[in-house]
Amino acid sequence: MTIPHRIRVRALAGAALLGLVSLHGAAWAQEAFPGKTVKFIVPYPPGASTDNLARAFAQELAKELKGTVIVENKPGGGTTIGALAVKSLPADGHALLFQVDGLYNGKLATPSVGYEYSDFEILSPLAQTPYALVVPASHNIQRLEDLKAHAAKKKGELDFGVLGMGVNQYSVLGRNLSRHLGVTPRMIPYKGGMEGVTAVMTGEIDAYFATVGLAYAQKDNPKIKLLALTGDAGKNKFLPNLKSFTELGVKDMVFKSLYGVAIRANTPPAIKARLEQAVRKVADSEEMKKARAQISLEDYPGSVEDYRAEVQRNLQMYQAAQALEARR
């Protein structure tokens, strides 16, 4: 046997040993995780429907991981504070982010904020919800045409309630509907969904897009009227008697907010794989289906890849809306 051949044999043996060590290390990392408390950071205050969903998820994830999972509320900054909190923690899988549209809108509104979209990777969808257009009952608005007639009494303007300033789902929906009606929108900012609905009740604003959960909770309120849904054509299981904008002839008003779980993109692959498996199993569980139904949120019917693609489409919609705003 020649010396070069011996060297090649030893090199191959060494490579095989390293491969076994690597596989063992990956398996050990999965088995050892979590090594400490997992934080699920929610960029909203306690008590909101999103917070209730997050707490139900954390409870079930703790069972699946056989460890401790706690919810930490980090509201503010259009959800950027929550994203920055996750970014500031080690990328070891022990910090998860409740991923919502604000992750992207906040960055669009403040490009200098200290994270990039690529810093996070979506592990799983959690829920989705369309929005219901809420108007004051005192204005006697029964149809979209009545909303246009109401604007005519105000020099062709409509006041829409929005959560935060800048480009977001509220401003995009308000501008799309205004373009369809041929009116001029004015965006009036509020701090929370109930505050926006209250402003509709008092006639302070003309319209507000409420999540289905909020609209469902207020559906019997005599001071408001629900006009249409931003969901797909067909009955909504929570508001079955409310037609979609699509069914009313407005084609560019299909929109759903997407709620998911994200992680730092540079988390070690073995830990990321362990979490992705656990998170998706919990998200699809009967317990989470019940939790979503209790707060009028819909299950997400597609795959993780479908969800990621839909998130990207929403992002592109916001980017296009921002570019349009910049040209005004």
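Helices here are DSSP runs (H or I) of at least four residues, strands are E runs of at least two, and both are numbered from the N terminus. I am working with a predicted model, where local features need pLDDT of at least 70, side-chain atom pairs count only at pLDDT 80 or more, and totals for chains, interfaces and linings use all residues. Residues are numbered from 1 along each chain as its sequence is written, and side-chain values use heavy atoms, with hydrogens and water left out.

Next I looked up what kinds of residue form that lining.

Then I turned to threonine 230, which I found in the loop between strand 9 (224-229) and strand 10. Is threonine 230 buried or exposed? I noted a relative accessible area of 0%, so threonine 230 is buried (under 20%; exposed is over 50%, partly exposed in between, with a 1.4 Å probe and protein chains only).

I checked its side chain too. The side chain of threonine 230 reaches the backbone nitrogen of tyrosine 131 at 2.8 Å. A polar atom of that side chain also lies 2.7 Å from the backbone oxygen of phenylalanine 255.

Last, I listed contacts (heavy atoms within 4.5 Å). Leaving aside neighbours within four places in sequence, threonine 230 touches residues including Pro130, Leu173, Phe209 and Met253.

Notes:
Polar contact = N/O pair within 3.5 Å; in protein donor to acceptor, adjacent residues only side chain to side chain.
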